[in-house]
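Please look over the sequence and the structure shown here before reading on.

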Amino acid sequence: MKTLKILISISILSIFIISCSSSSDDEQSTIPEFDRSAVLSNYADNIIVPRLNNFKSSVDYLKESGDAFIDSPDITTYTELHNSWLEAYINWQYVEMFNIGKAEEIMFFSKTNTYPVNEGRIQENINNEKTNLSNPNDWSCQGLPGLDYMIHGIANSENEIINQYIQNPLNGKYLKVVLDELNNNTDLVLNDWSTYRNTFVNSVENTATSAFNMLTNDFVYYFEKGLRTNKIGIPSGVFSNNPLSTKVEAYYSSKNGIEDVSRDLIENALNAVDLVFQGKSSNQSPAGPSFKTYLDFIKANNVSADDIGSIVVNKIQTANQKILDLNKNFINQVENDNSKMLTAFDALQTIVVNLKTDMLSLFNVAVDYTDADGD
Amino acid sequence: MNTTIKNYLNQTQDSSSLALFRMGFGVLMTLSMIRFISKGWVEKLYLEPSFHFSFYGFEWVKPFGDMTYLLFLVCCVSAFFVAIGYKYRISIIIFFLSFTYIELMDKTTYLNHYYFISILSFLMIFLPANSYYSIDSKIKGYEFEKIPKWCTDCIKMLLFIVYFYSGLAKINSDWLIEAQPLKIWLTSSYDLPIIGSTLMQQNWVHYAMSWGGMFYDLFIAFLLLYSRTRIFAFFLVVFFHLFTAILFPIGMFPYIMIVGSLIFFDQKTHKKMIKIIDFILKFFGFKSKKIKRLKLNSNNNSIVLSIVAVFFIIQLCFPFRYLLYPGELFWNEQGYRFSWRVMLIEKKGITNLKVLNKEDGKSFMVMNEEFLSEFQERQMSFQPDFILEYAHHVGEYYKKNGMNEIEIYADSYVTLNGRLSQRFVDPNVNLMNEKRGFKNKTWILALDDEITGL
C-alpha cells in the first residue's frame, strides 16, 4: 500500500506538472506547510515533560511526608501530609490530559484520579493488607482520591483521623501502598518520556494512531469528560435526577472541613487546558506552536472563515469567571446554590462544542474505524 | 415508436460481456465480504452495540447475535457462486437478499456504494449472466453466443446514473465556489508522500480538483460510451479512483467502479479478456471442455422488461425527492441518501439528550456512551433522523424503567463544511412528540447560510 501510495502520488505530481508547466506561478495561493512536529516538540519539551517533572517532585514530597506521618502520626506530620497531597493534586491537573504513551498503557489517569472512591472496598483492602492494586476495581481505591479518603476521610476530624493511624497500623500500611503505587506509576510514565519523546514529536501523520491525532483526541476527550463531566457535571446532577454532592473532586477534604480545594483543582485544570491550547509553558510565557496556532494557520489560509482559536480562548476566560463565582467548597455550592454550578457547566459545554465539532472538523483527524464516503 | 423499441430489444450483444461483468462483480464481492469479516467489523458494528439505527420501515431488520456471521458467510459464498456462475439465478437472489439485509441492519454504516451494490445485484437477478462461461452452462452442456443488448446496456445505464447524478450533486456553491469540503480534506492529507505537503496545500489544487471532480462525474460515462474516447476515459477512471483510494477511506468502492466500467468496452475486447482468463485458468489446471453453442439466450420476457423499466424510472426520480423538502439539503439531510451524493459534506456534531421527567419536573442529560458505540454517536450527532430515533429509543428505555411521563430535548451543535458550528435542533421541541417518517422535520433549525446550486 505504501509503495502504491508513492507511485500514485508521483503520477499525480507529474500530471499536474505537465498540465500546469505553462501556467505562471505569480499567484500567492500556496499554503505554506504547517509544522505539526513543532507543535509536538513544544508540547513535549515545554509542557508535558516539565509538568510531569513537577508532578513527580510533588509525588516525592508527598511520599516523604507520608512516610513521616506513618512513622509518627501527629498534627505536624499530618498537616505536612495534607499540604503535600494538595500540591500533588494541583500538579496532577496539569498532566491528566496526556493519556498517551506509557500513561495510556498503564491507565495512569484511571489509577490516579478515579472518584468518587469506593469506601467499602478501601476498608476491605486495609483490613486484608492488600498490596497489589492493579485490579481495575481498585482504581477507585487508590491515587489522589484514594489518598483524599485515607488522609481526610477515614474519620470525621483531624484528631480522630490521626488517632486512627495511631490505633490501627493497618491504615498506615495501606496509605503506604497507595503512595508507593502512585510513585511507581509516575516514575514509569516520566521515565518513558526520555525514549518516547522522539517517537512522539515525529508521529504527525494523519492516522488514527499518530501521536498528533491521539493527543488531539485526548485533549478534547479530557476537556469533555475529565474536566466538564467529572468535576462539574456529575456533582451538579447534570447527568442524574438529583445533584450528587458526594461526587465532587477531593470530597473528603471539604466534607471534614480540612480544606476546601475542589474549586482550586478545577481552576488549575482549566488553566492547564488553556496553556496547552495556546502552547504556553506558563501563564507568563509567550504562546508557542499549539492547537491554537494550527487553527490560526487554517484560518489564515481560508480553509475556515472563523477565528476558532480566539473564540475558544475567550470562552475559557468566561468559563474561568464562572468557576471563580463558585464557593471554594463544591459540596456547599451544590447543596446550597446548584444553579451556579450549572452556569459553570454551560460555560464549559460551549467550549466542548467548539473543540469537538469545529476544531476536530478542521483538523480532520482520522478515525479510521470503518469505510466512509463522507456522508 | 413501438417498432424502435422492438428493434432495440432485438439487438444482440456477445454474451462474453455480461459473463465478464458477472465474474468481476462476484470476485470483488467475495473479497469485500472476506475483508469486512476479517477486519472484525461484524463484531464491532453489528454485535457490540446494544442498539441499532434502522431505516424507517425496516425496524425489523436486526443483527441476530453470533449467527450474524452466518449471514455474512452466506453472502460471501453466494458472491463466489455468482463469480463462477454456479446456480446463478438463486445465488444472485441470495446475494441480493443477504447483502441488502446486512445494509439494512444499521444505517450508521450507510454508504452510497453499498446501496449501489444492492440495486446492482437486484438488477442482475433479471440478467442472463450465466449464459456463457459459467458452471451452469457446463452442467447444462450448452452455452449461448448472444444475449440481448439491453442486458449490458442497463448496467451501463446504472453506472451512468451513479456518475452523472453525483456530478449534478457537485454543482453547488460549497463545492465549486468554496472548494469545500475538499479544502479541509486535502490540506489534512499532508502526510501523503511527495504531494501531501506540496500539491495538497495549494489553493488552486483544491479548486482544480473540485471542478475536475464535477466534470469527471458529469462526463465520464459519455466518454466511456463513445468508442474514440473510451481508452482515454478508462485511464481517467483508473487514475481518478486510485487517487480517491489513497486520499479517502472508501474501502472497495474505487475497485468496484474500475472493474464495473469495463462493461463499456466493446464485445471484442470482452471476448479477448475471457480468453485471457481462460488461459490463466488452464494454466492452473482448470480445463474447460468445449460445449455446444446456441445462438441467442433471449430474455425478452415482458415481466422482466417491465421490472427493469420501473426500476430505472425509480432510479431516475428518487434522487430528486429532496425537492419536496424545504431548507438546506446538506444541513437537514432530508432526501440526502440513496442519491449519489458522495463526499460532499464535512460535518461534525455534538448532540446530547435531556430527559425531563414530567412527574417530578426533574431532568438529566444522557451519557451517549451508555447507549451508543463511538461510531454510532459520531453519526447520530449530525443527522436528524438518527437524533430522533435515538431520542425515541432513550425515551422508551426510561419509560420501561418506570418513568411514565417523559419529554426529551436535544442539545445539538453541528459544523458543516468549515462553517462555525451552530445549534442544530430546536432545544424547545420535545422529540418524543415528533414522529419518525418522511414528513418535513420542522424541529431542525435553519442553517445560518445559503448554499446555492442543484
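Which residue in β6(B) is the bridge partner of G349(B)? The bridge partner is V414(B), where helices (H or I, at least four residues) and strands (E, at least two) are DSSP runs, numbered from the N terminus. This is a predicted model, in which local features need pLDDT of at least 70 and side-chain atom pairs count only at pLDDT 80 or more, while totals for chains, interfaces and linings use all residues. Residues are numbered from 1 along each chain as its sequence is written, and chains are lettered from A and ligands numbered from 1 in the order in which they are written.

**Paired strands in chain B**

- Strand β4 (residues 347-357) of chain B runs antiparallel to strand β6 (residues 406-416) of chain B, and 11 bridges join them; two strands pair if DSSP finds at least two bridges between them.
- Within this pairing, L353(B) stands opposite A410(B) in β6(B).
- β4(B) is also joined by 4 bridges to strand β5 (residues 362-365) of chain B, again antiparallel, and here K354(B) stands opposite M365(B).
- The hairpin of β4(B) and β5(B) has 4 residues between the strands, and G361(B) takes a positive phi near 75 degrees.
- β6(B) pairs with strand β7 (residues 422-423) of chain B in the antiparallel sense over 2 bridges, and V414(B) has Q422(B) as its bridge partner in β7(B).
- The hairpin formed by β6(B) and β7(B) has 5 residues between the strands, and N417(B) in the turn has a positive phi of about 45 degrees.
- β6(B) is largely enclosed by the rest of the structure, because 8 of its 11 residues are buried (a residue is buried if 20 or more other C-beta atoms, placed from the backbone, lie within 10 Å of its own, exposed if 12 or fewer, and partly exposed in between).

**Nonpolar cores**

- A nonpolar core is a set of buried Ala, Val, Leu, Ile, Met, Phe, Trp, Tyr and Cys residues joined through C-beta atoms within 7 Å.
- The largest nonpolar core has 196 residues, and those touching the most other members include L40(A), F223(A) and A391(B).
- Helix α16 (residues 338-363) of chain A gives the most to this core, with 13 residues.
- A second, separate core of 10 residues includes A179(B), L186(B), Y190(B) and M209(B).

**F345(A) in helix α16**

- F345(A) is found in helix α16 of chain A, and F345(A) counts as buried because 22 C-beta neighbours lie inside 10 Å.
- F345(A) and N183(A) are 162 residues apart in sequence and 33 Å apart in space, C-alpha to C-alpha.
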